[in-house]
Amino acid sequence: MSTIEAVGEGIVRDMKHLEVVSQNIANINTPGFQSVQSFDVAISEDKTVATQYVTDRSGSIKSSNRGLDWAITGSGYFVIEKGNSLYVSRYGRFHIGEDGLLTHVSGGKLIGESGSIQVTGGAVSVTNSGDVKVAGNVVDRLQIIDVEQLKVSNQSGGLYIFNGAAAAVENRHIKANAINASNVEPAAQTTQMMNLNRHIQSLQKAALAYDQMLNAGINELGRK
């Protein structure tokens, strides 16, 4: 790979990293949003690619005036079924659908240990341990799981695809009238954006200097 090609590929990778950071910053106030990390991975001696992964770090918890806003105060994710596929989310905003099932803000169905959760016949509440109650009676228990790897989905409402092993969280902790906030760290993301912009500028200057050096060499040969 030539020097100019290496510089060009470096700029392309930095632009991909910058796109990810910009997306993180744009979702600082999006409930349940999991920030994405972007980094370089060498896949051969002369090939490096930009790779991303979704972080599983917990964000802060914000109070809500909705009884069906539920936050996970420990580890794990809600399980949501939508379009015959299972997703996970830390965005715990629910409502009762026309079919009487607890429904996620994305339109998917919240999954309990017995499947979709029917909540007709009274006021709905949740206990700290994840028991869902209707009129004071337990009807199911939330299925809260830890997953090995998260991937961004094309679904709205904070739904994530999960790969690899998934395990039930035994010591689950749920808080009603609360929402899991985004886990984006504004200061860290802003610093990363500044560093990426500076690095892109450095690579652009290096490309320009290399081009000028080649032109000077060509001109020198032309005079001989």
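**A first walk through the model**

Modeller: Asparagine 84 is exposed, because its relative accessible area is 77% and exposed means over 50%. Keep in mind that this is a predicted model.

Colleague: Where does asparagine 84 lie?
Modeller: Asparagine 84 sits in the loop between strand 5 (77-82) and strand 6 (85-89).

Colleague: And what is phi of asparagine 84 near?
Modeller: Phi there is near 65 degrees, a positive value in a residue other than glycine. For background, most residues other than glycine have a negative phi.

Colleague: Let's take asparagine 177. What is its phi?
Modeller: Asparagine 177 is not a glycine either, yet its phi is positive, at about 55 degrees.

Colleague: Which loop is asparagine 177 found in?
Modeller: The loop between strand 16 (174-176) and strand 17 (178-180). Asparagine 177 is partly exposed, with a relative accessible area of 34%.

Colleague: New topic. How many salt bridges does a search of the whole structure find?
Modeller: Eight salt bridges turn up in that search. One of them joins the side chains of arginine 13 and aspartate 40, at 3.4 Å from N to O.

Colleague: Is arginine 13 buried or exposed?
Modeller: Buried, because its relative accessible area is 17% and the cut-off is under 20%. Aspartate 40 is partly exposed, with 40%.

Colleague: What about arginine 66 and aspartate 69, how do their side chains meet?
Modeller: In a salt bridge, 2.4 Å from N to O. Aspartate 69 has 0% relative accessibility and counts as buried. Arginine 66 is partly exposed, with a relative accessible area of 28%.

Colleague: Which residues do salt bridges that share partners join into one network?
Modeller: Arg66, Asp69 and Arg93.

Colleague: Back to lysine 109. What does it touch?
Modeller: Leaving out residues up to four places away in sequence, lysine 109 touches Val79, Ile80, Glu81, Asp99, Leu101, Leu102, Thr103 and Ser116. Its side chain makes a polar contact of 3.0 Å with the side chain of threonine 103. A polar contact of 3.1 Å joins the side chains of lysine 109 and aspartate 99.

Colleague: How far apart are the C-alpha atoms of lysine 109 and valine 119?
Modeller: They are separated by 12 Å, and the two residues are ten apart along the chain.

Colleague: Now isoleucine 117. Where does it lie?
Modeller: In the loop between strand 10 (115-116) and strand 11 (124-126). Isoleucine 117 counts as buried, at 1% relative accessibility.

Colleague: Which residues does isoleucine 117 touch?
Modeller: Not counting residues up to four places away in sequence, the contacts of isoleucine 117 include Gly100, Leu102, Leu110, Val132, Asp140 and Leu142. Isoleucine 117 and leucine 102 are 5.7 Å apart in space, C-alpha to C-alpha, and 15 residues apart in sequence.

Colleague: Switching to histidine 17. Where is its place?
Modeller: Histidine 17 is in helix 1. It counts as buried, at 5% relative accessibility.

Colleague: And what does histidine 17 touch?
Modeller: Ser38, Phe39, Asp40, Ala50 and Leu196, not counting residues up to four places away in sequence.

Colleague: Which element gives the most to the lining of the largest pocket?
Modeller: Helix 1, with four residues.

Colleague: And what does that lining have by class?
Modeller: Eight nonpolar, nine polar and one charged.

Technical notes: Residues are numbered from 1 along each chain as its sequence is written. This is a predicted model: local features need pLDDT of at least 70, side-chain atom pairs count only at pLDDT 80 or more; totals for chains, interfaces and linings use all residues. Side-chain values use heavy atoms; hydrogens and water are left out. A salt bridge is a side-chain nitrogen of Lys or Arg within 4 Å of a carboxyl oxygen of Asp or Glu. Buried means under 20% relative accessible area, exposed over 50%, partly exposed in between (1.4 Å probe, protein chains only). Helices (H or I, at least four residues) and strands (E, at least two) are DSSP runs, numbered from the N terminus. Ala, Val, Leu, Ile, Met, Phe, Trp, Tyr, Cys and Pro count as nonpolar, Asp, Glu, Lys and Arg as charged, and the others, Gly among them, as polar. Contact means heavy atoms within 4.5 Å. A polar contact is a pair of N or O atoms within 3.5 Å; within protein, one must be able to donate a hydrogen and the other to accept it, and residues adjacent in sequence count only if both atoms are side-chain atoms.
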